[in-house]
Amino acid sequence: MIYRLTEQGTEQIDAKDVRVGQGQYAAVLPFSALKEGLATWGMQGRQLEEAPMHADARFDTQNGFDSIYLQIPREPGMPAWPQRICIYLRGDVLIFAGQEMDLVERMVRDFHTGEGRAASVERLLYTFFDKLTYDDSIVLEQLESRIEELEESLMTDRGHDYV
């Protein structure tokens, strides 16, 4: 799926309606459509096949665009490999590619902007990473709270109440 980024959010369009150099775009593609999707914006170069399966993440710059390869872990105990997501970007286009892209597709499709803020490649990429790491921040807050509880308990057990 290809979207034009507008003042109101995202607008789904066909590839034939892409005007390179006129506006900003986002796309969510399966790996099978990646080569054609990159060609739509003239983004030729190393692609998914060269992304290492075993690496957690990789960043690359080539031919005027950046690429990010991520391994997103599955839930603990699931017997599947981590999901690979590849992101290709430059100032006017952001492309997400992967196998199971329903959540990313929904995020892009439903991307809304606040008053005075238009949808942009930068805001959409920030939103993706914010959503990707949201659960991590909750876990970190829980760990901080538990550490504080243990510190308080240790100080009380020693007969020193510094709190």
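Colleague: In which helix does Leu143 lie?

Modeller: This is a predicted model, and in it Leu143 lies in helix α3, which covers residues 121-157.

Colleague: Why is Leu143 called partly exposed?

Modeller: Its relative accessible area is 47%. Buried would require under 20% and exposed over 50%, so Leu143 is partly exposed.

Colleague: Which residues make the nonpolar surface patch with Leu143?

Modeller: The patch is made by Val139, Leu140, Leu143 and Ile147, and has an area of about 370 Å². A patch residue needs over 30% relative accessible area, and Leu143 has 47%.

Colleague: How many aromatic pairs does the structure hold?

Modeller: There are five aromatic pairs.

Colleague: Why is the pair of Tyr25 and Trp41 called tilted?

Modeller: The ring centres are 6.1 Å apart, and the limit for a pair is 6.5 Å. The planes stand at 50 degrees; under 30 would be stacked and over 60 edge-to-face, so this pair is tilted.

Colleague: What parts does this pair tie together?

Modeller: Tyr25 lies in strand β3 (residues 24-30), and Trp41 in the loop between α1 (34-40) and β4 (57-62), so the pair ties together parts 16 residues apart in sequence. Both Tyr25 and Trp41 are buried.

Colleague: What makes the pair of Phe128 and Phe129 edge-to-face?

Modeller: The angle between the planes is 70 degrees, and edge-to-face applies over 60. The distance is 5.2 Å centre to centre.

Colleague: Are Phe128 and Phe129 buried or partly exposed?

Modeller: Phe128 has a relative accessible area of 5%, and buried means under 20%, so Phe128 is buried. Phe129, at 28% relative accessibility, counts as partly exposed.

Colleague: Which residues have the most contacts inside the largest nonpolar core?

Modeller: That core has 22 residues, and those with the most contacts inside it are Ile87, Leu94, Phe96, Val104, Val108, Leu124 and Phe128. At least two residues each come from β1 (2-5), β3, β5 (65-72), β6 (83-90), β7 (93-98), α2 (102-109) and α3. The most, four residues, come from α3.

Colleague: What does Val104 touch?

Modeller: Leaving aside residues up to four places away in sequence, Val104 touches Val28, Ile85, Phe96 and Phe128.

Technical notes
Residues are numbered from 1 along each chain as its sequence is written. This is a predicted model: local features need pLDDT of at least 70, side-chain atom pairs count only at pLDDT 80 or more; totals for chains, interfaces and linings use all residues. Side-chain values use heavy atoms; hydrogens and water are left out. Patches are made of residues with over 30% relative accessible area and no salt bridge: like charges are joined within 9 Å, nonpolar side chains (Val, Leu, Ile, Met, Phe, Trp, Tyr) within 5 Å. Accessible areas come from the Shrake-Rupley method with a 1.4 Å probe; for residues, only the protein chains shown count as cover. A salt bridge is a side-chain nitrogen of Lys or Arg within 4 Å of a carboxyl oxygen of Asp or Glu. Buried means under 20% relative accessible area, exposed over 50%, partly exposed in between (1.4 Å probe, protein chains only). Rings of Phe, Tyr and Trp (its six-membered ring) pair if their centres lie within 6.5 Å; planes under 30 degrees apart count as stacked, over 60 as edge-to-face and the rest as tilted. A nonpolar core is a set of buried Ala, Val, Leu, Ile, Met, Phe, Trp, Tyr and Cys residues joined through side-chain atoms within 4.5 Å. Contact means heavy atoms within 4.5 Å.
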